[in-house]
Amino acid sequence: MERKLNYTDGFVDKPVLRNYWYAVALCDEVELNPISVKLLNEDFVIWRESNGGLIAAPERCPHRQAPLSHGHLENGCLVCPYHGWTFSEFGKCVNIPSAADGVPIPSRAHLDTAEVIEKYGLIWLCPGKPLKPLFELEEELDPSFRRINTEVQKWEVAATRMVDNFLDITHFPYVHAGTFGAGQETKVPNITLEYLDGDFFGYRYDILAANPEEAKSTSGSNEESVERSMSSGFNLPLTVRSTIAYKSGLEHIILLLSTPIDETSSYFTFVIWRNDDFTVPADEVISFDRAIGEEDRVMLEKLSGVMPLDRTALVNVQSDKATVEWRRQLSELING
Ligand code: FES
Ligand SMILES: [Fe+2]
């Protein structure tokens, strides 16, 4: 029988998704100039006020829709590149250069700002009203851990396909054969889903990972292969966290962030926390994870369209348990 897949079943227009936080840029990407980001099909401008705080607002100027990110900053105020309307804190329009003295600024000239915060080295945007605070990661406050950020990339793949991939360990021996997956056991033991802590739901597992030369700085081991006790879990809607514990006591936490730009393109970045001795330079520690991410990108960009969320649309096996549960919860969330 022919299996019908509905590849047009979009998700980014589901209103509830607007009420969550999404990583859109690194904090240090917004300094002297405003930037433009796209989230859930909407364009936003983000700039930094003179007191260091961030403002996010729709990218189009309320006057003639010029892209505000092409403007410049004057004393922390954003000046539109087209006619110089100037926006201050809370997106308030404080100057319309063409207006005669004493003429009041129309109330609709003010920008309808969006919620924006900085956390974990990243800028997080919520276009609607946040339904919950951003999760807390205890390693962020633990002085024995250091945090390492890396660039925010654009991937030509649906964010849902990225989350599905990050929860899946059975692609390791194939997609990651060039990094840590070479020769890895393909069979996966029975998966038990559990709360990994208050924020992430997923599963724990052990793998024997290949430990090539390029991985040695990251794993802290000189062996050919290295045992890892891992966990992978999700936090709705689209965040995945993987944890790796080595026998040496070294822990390596990876936050994998998939932010929907539109139905089939996404921002991707990851954040690492590790309790090493802080001697290996951050760039060296992270280069192996970058190579792994690149392997995922190359595979995922071959998958076209939006991933069907309907539980019967794709064939699932035991090892897909975590992603099946994540898709069930996501469908419930977005379809109410
Ligand atoms: S379009 Fe921005 S000031 Fe006219
Ligand atoms: Fe992967």
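So, which domains is the protein chain divided into? There's domain 1, covering 24-126, and domain 2, covering 138-335. Before I go on, keep in mind that this is a predicted model.

Okay, the overall picture. The protein chain has five helices and 18 strands. If you look along the principal axes, the C-alpha trace spans about 75 × 60 × 35 Å. Of the 336 residues, 36% are buried. And if you take the contacts with a separation of 6 or more, 60% of them are between residues 24 or more positions apart.

Back to the two domains. Their C-alpha centres sit 34 Å apart. Where they touch, domain 1 puts in ten residues and domain 2 puts in twelve. On the domain 1 side, β1 (22-26) and β2 (35-39) each supply at least two residues, and β1 gives the most, with three.

Now let me zoom in on helix α4, residues 282-300. How far apart are its end C-alpha atoms? They're 27 Å apart, and that agrees with what you'd expect, because 19 residues at 1.5 Å a residue should span 27 Å. There is a bend in there, though: α4 has a kink of about 30°, centred on phenylalanine 288. Phe288 is also one of the buried residues of α4, along with Val285, Ile286, Asp289, Ile292, Gly293 and Leu300. A quick reminder on spacing: an α-helix has 3.6 residues a turn, so residues three or four places apart point the same way.

And what do those buried residues of α4 pack against? On the helix side it's α1 (159-166) and α3 (216-219). The strands are β11 (146-149), β12 (153-155), β17 (251-262) and β18 (265-274).

Last stop, glycine 52. You'll find glycine 52 in the loop between β3 (42-48) and β4 (54-58). Is it buried or exposed? Glycine 52 counts as exposed, because it has 8 C-beta neighbours inside 10 Å, and the cut-off for exposed is 12 or fewer. To give you a sense of distance, the C-alpha atoms of glycine 52 and valine 315 are separated by 49 Å, with the two residues 263 apart along the chain.

That's my tour, thanks.

Key. Residues are numbered from 1 along each chain as its sequence is written. Chains are lettered from A and ligands numbered from 1 in the order in which they are written. This is a predicted model: local features need pLDDT of at least 70, side-chain atom pairs count only at pLDDT 80 or more; totals for chains, interfaces and linings use all residues. Helices (H or I, at least four residues) and strands (E, at least two) are DSSP runs, numbered from the N terminus. The expected span of a helix is 1.5 Å times one less than its number of residues. The bend at a residue is the angle between axes fitted to the seven residues ending there and the seven starting there. A residue is buried if 20 or more other C-beta atoms lie within 10 Å of its own, exposed if 12 or fewer, and partly exposed in between; C-beta atoms are placed from the backbone. Two residues are in contact if their C-beta atoms, placed from the backbone, lie within 7 Å. Domain bounds come from an automatic or database domain assignment.
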